[in-house]
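Please read the following explanation with the sequence and the model side by side.

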Amino acid sequence: MAARHLRSGLPLLRAHLAQGSRGFASQVANPTGKDIKVPEALYGGTGNYASALFLTAAKANVLDKVESEISDVVAASKKSSLFSQFIKDLSVPKETRVKAITEIFAEAGFSDVTKNFLAVLADNGRLKHIERIAERFVDLTMAHKGEVKVIVRTVIV
């Protein structure tokens, strides 16, 4: 019974394809505005921050720039023990942390998305988690682009 229905629908399908319509698989997904979604669900505090940053950066169309800037922040925290201590030290008053972060990254020419995100982290005392948030943000951007992390191991003979 199903084969008969399939055969009877083939002429319609051929006519539809002959008109030059594109199939679903060939359409490129280019979400904009409200259509943007996180490519994979992340959980926990760092996952929530990474997801929020991803959505904000995607809506502003600055994913690559934000990814680069967040990586620069992580690199700076690894390179400078003073900066690393500053972002981890919760004894620094919240207002001082937020003001310092805002001024440092405004002077460095960072995007508004990144500056605001870092200010929120400073305000919430979460700057110490920037490295893990950055890792998870990169995972999201890679998933969005259809990229996959791989580890290649070879044997040297």
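Predicted model: local features only at pLDDT ≥ 70, side-chain atom pairs only at ≥ 80, totals over all residues.

Residues are numbered from 1 along each chain as its sequence is written, and side-chain values use heavy atoms, with hydrogens and water left out.

The protein has seven helices and zero strands; helices (H or I, at least four residues) and strands (E, at least two) are DSSP runs, numbered from the N terminus. Read from the N terminus on, the order of elements is α-α-α-α-α-α-α. Of its 157 residues, 31% count as buried. Buried here means under 20% relative accessible area, exposed means over 50%, and partly exposed lies in between (1.4 Å probe, protein chains only). Contacts, meaning heavy atoms within 4.5 Å, can be sorted by their separation along the chain. Among those between residues at least 6 apart in sequence, 62% join residues at least 24 apart.

Helix α2 covers residues 44-59 and helix α3 residues 63-79. The 16 residues of α2 should span 22 Å at 1.5 Å a residue, and the C-alpha atoms at its ends are 23 Å apart, which agrees. The expected span of a helix is 1.5 Å times one less than its number of residues. After α2 comes N61, which has a positive phi, near 60°.

How do α2 and α3 cross? Their axes come within 8 Å and cross at roughly 135°, which makes α2 oblique to α3. Axes are lines fitted to C-alpha atoms, for helices over the stretch in contact, and angles run from 0 to 180 degrees between N-to-C directions. Angles under 35 degrees count as roughly parallel, over 145 as roughly antiparallel, 65 to 115 as roughly perpendicular, and the rest as oblique. On the α2 side, L53, F54, A57 and A58 meet L63, V66 and I70 of α3. The residues of this contact divide into seven nonpolar, no polar and no charged. In this scheme Ala, Val, Leu, Ile, Met, Phe, Trp, Tyr, Cys and Pro count as nonpolar, Asp, Glu, Lys and Arg as charged, and the others, Gly among them, as polar.

The buried residues of α2 are T46, G47, Y49, A50, S51, L53, F54, A57 and A58. They pack against α3, α6 (112-123) and α7 (130-145).

Helix α7 also has 16 residues, and from its first C-alpha to its last it reaches 22 Å, close to the 22 Å expected at 1.5 Å a residue. Its buried residues are I130, I133, A134, R136, F137, V138, L140, T141 and M142. What covers them includes α2, α3, α4 (81-88) and α6. G146 follows α7 and has a positive phi, near 80°.

The next topic is the aromatic rings. A pair of aromatic rings is described by the distance of the centres and the angle of the planes. Rings of Phe, Tyr and Trp (its six-membered ring) pair if their centres lie within 6.5 Å; planes under 30 degrees apart count as stacked, over 60 as edge-to-face, and the rest as tilted. The structure holds three such pairs. The rings of Y49 and F117 have centres 6.4 Å apart and planes at 70°, so this pair is edge-to-face. It links distant parts of the chain, with Y49 in helix α2 and F117 in helix α6, 68 residues apart. Y49 is buried at a relative accessible area of 18%, and F117 is buried at 9%.

F105 and F110 form a tilted pair, 4.9 Å centre to centre with 40° between the planes. F105 counts as buried at 6% relative accessibility, as does F110 with a relative accessible area of 13%. F83, F105 and F110 form one aromatic cluster.

Leaving aside neighbours within four places in sequence, S77 is in contact with F83, S84 and I87. S77 and I130 are 53 residues apart in sequence and 9.2 Å apart in space, C-alpha to C-alpha.

S91 lies in the loop between α4 and α5 (94-107). S91 is exposed, with a relative accessible area of 59%. Its C-alpha atom and that of G125, 34 residues apart along the chain, are separated by 9.9 Å.
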